[in-house]
Structures are given as structure tokens and as C-alpha cells.
Amino acid sequence: MAIFYDTHAHLTYPDFAEELPQVVSRAEAAGIARIICIATDLESSQRAIEVAEQFPNVFAVVGWHPSDATKATSDLRPALRDLARHPKVVGLGETGLDYHRLPGSKEGGTTADDEAIKQKQAALFRQHLEVAADLGLGCVIHQRDSLEDTLAQLEPFADRVRGVFHCFANDAAAMRRIVALGSLVSFTGILTFKNAQNIRDTLAATPMDKFMLETDCPFLAPLPYRGKRCEPAYVKEISELAVQVKGCSLYELSAATCATAEGFFRLRG
Ligand SMILES: [Zn+2]
Ligand SMILES: [Zn+2]
């Protein structure tokens, strides 16, 4: 069986609380040999570490999601450093910038509100990058409607920090700018959606050693599960679509994406 990793799973979400051991063993049975559990705030970071302690093939990434930036304390760095000391922590995030649905686009919202949120997101993102640089860890980057600002913030760190632009949905030109900074992209089940030809085109243009696969579960279940709760086992369906786009074998895709993930998260092969 061709082996794959789920490089972005939110196993701490309540969606999985009732049956986490089953979710992990279904992934194993489907050939998904490792799962990277991604946090969205300090509490879920601690939970991600606990899940990683519970399952040998689960690893944790600790950080604070930009969509919840306003709830974060002003300096996350001491907490991030503390969490990252744990041997199963393999990266920082998810962090980044998300300009989708800022308050200014809603009724009663102003551009001043948007500016304040953007500044808070930028400060948090920068803190993750600083800690990642200090500790030699990669950064899992969430970017939505904010490509220019995200690249501008990453650029000064690019010689010390590798990022992965997760749930990548931009075009090949954007992918090339990310790869030029030494960073990576990763693709979700959106690849399987009928209306996602643009994302398949981006994958087609992405070098074999510059991308990873992920579910972003419980969100974004691939076909034929679209609309249902997603889980790490479904990387199998994502990989089957990806081989069609790349014109390679499942084993070639397995070897390339697992090696990329092992390098990025410093996992032993
Ligand atoms: Zn995200
Ligand atoms: Zn996520």
C-alpha cells in the first residue's frame, strides 16, 4: 500500500471527541501513516500535544489562528517557546493573515476596524516567525485574501524559516513566489471538487518536491464525502486525484510527499 501523511488535521475539534482512537486507526488502515495535529490557540495547542502523546503516529503544531487574533494576548512568544519544547511538537501554527470577511465588509463595520485586526494578525504572525526562527521550526501558514501582505511578512525571515502555505488555492504564479522563498504549499480535498480546475492547474505546475497533502479536517472532505465531516483517512482520495493531475504513480507521489513532510516537520523517515 502507498503510504501518505495528513499534514494538517484539527484532531482537537469537538467533531472528533467521541471517537478519536477510531479516527486514527481508520487513517492507519487507509495507509495514512502520520497525522500532524494543528492548533488554533493556546488551549488547542496543549490539547494537540496531549493527542500526540496518546498516539505514536500523531505530531503537534502549536500556535494561534489569525481568525481568532483579537482573542490572543499581546505577546504569545513565551507560551509558544514553552509549548515547542515538547518533543512531539514539529512546527508552529497555524498562523498567518486572513482578510476574508473582515468587519469592514459587514454592516456597521469600518475600515478602521479592519486596520486594527490586520495589525493584530500581523503582530501574531511575526511572533510565530520569530519563535520559528529561534527554534529552527517550520511555520504552518494560513493565508486567505492576503497573499501580498503574507509574502511581505515572510520575506525577511525566509533565510531562517520555511513556511507551508496550507490549503493552497492560489495560482501557479503565487506558488512560484512561495517556492522562491524556500517555502512549500499543501493541497486539501478541494482538489477533488468539480469547480476547482484552477487548483488542479496549480498542482500540475508545482514541482514534485514542493508540496504536501492535507485534509484540514474536519473541514473540506474530498469527493465522494463532500459536505460530510472530513477525517485523515480521506488523504487517500486526495492522493488518488493528485496522481491523475501529476501523471505519476501512487508510489512516486507517496515517496515525494512523505519525504517533503519529513523534511519540513523534521520527522524521522
Ligand atoms: Zn487554515
Ligand atoms: Zn487548519
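## An irregular zinc site

Start at the zinc ion (ligand 2): its four donor atoms subtend angles of 87 to 178°, so the arrangement counts as irregular. Here is the rule behind that word: four donors are tetrahedral if all angles lie between 85 and 135 degrees; four are square planar and six octahedral if opposite donors are over 155 degrees apart and all others between 65 and 115; anything else is irregular. For reference, ideal angles at a metal are 109.5 degrees for four tetrahedral donors, and 90 or 180 degrees for six octahedral ones.

Which residues hold this ion? The protein donors are His8 (NE2), His10 (NE2), Glu94 (OE) and Asp216 (OD), at 2.1 to 2.5 Å from the zinc ion (ligand 2). A donor is an N, O or S atom within 2.8 Å of the metal (3.2 Å for Na, K and Ca), and water is not among the atoms, so sites may look incomplete. Along the chain, the donors of the zinc ion (ligand 2) are spaced H-x1-H-x83-E-x121-D. That brings together distant parts of the chain: His10 is in the loop between strand 1 (4-9) and helix 1 (20-29), while Asp216, 206 residues apart from it, is in the loop between strand 8 (211-213) and helix 8 (235-246). His10 is buried, at 1% relative accessible area, and Asp216 is buried too, at 8%. (Buried means under 20% relative accessible area, exposed over 50%, partly exposed in between, with a 1.4 Å probe and protein chains only.)

## What you are looking at

This is a predicted model, where local features need pLDDT of at least 70 and side-chain atom pairs count only at pLDDT 80 or more, while totals for chains, interfaces and linings use all residues. Residues are numbered from 1 along each chain as its sequence is written, chains are lettered from A and ligands numbered from 1 in the order written, and side-chain values use heavy atoms, leaving out hydrogens and water.

The zinc ion (ligand 1) is coordinated by Glu94 (OE), His142 (ND1) and His166 (NE2), at 2.0 to 2.1 Å. Here the spacing along the chain reads E-x47-H-x23-H. Glu94 sits in strand 4 and His142 in strand 5, 48 residues apart. Glu94 is buried, at 2% relative accessible area, and so is His142, at 13%.

## The largest pocket

The largest pocket has a volume of about 820 Å³. Of its 36 lining residues, Ser67, Asp98, His100, His142 and Arg144 are the closest to the centre. Strand 4 (89-98), helix 4 (111-135) and strand 5 (139-144) each give two or more residues to the lining, and strand 5 gives the most, with three.

A pocket is found on a 1 Å grid over the protein atoms alone: it is an open set of points where a 1.4 Å probe fits, with protein on both sides within 12 Å along at least five of seven lines, and lining residues have an atom within 4 Å of a point. The volume is the space filled by probe spheres set on the points, which are joined across faces, edges and corners.

## The whole chain

The protein chain has nine helices and eight strands. These are DSSP runs numbered from the N terminus: helices are H or I with at least four residues, strands are E with at least two. Of the 269 residues, 57% count as buried. The C-alpha atoms fill a box of roughly 50 × 40 × 40 Å along the principal axes.
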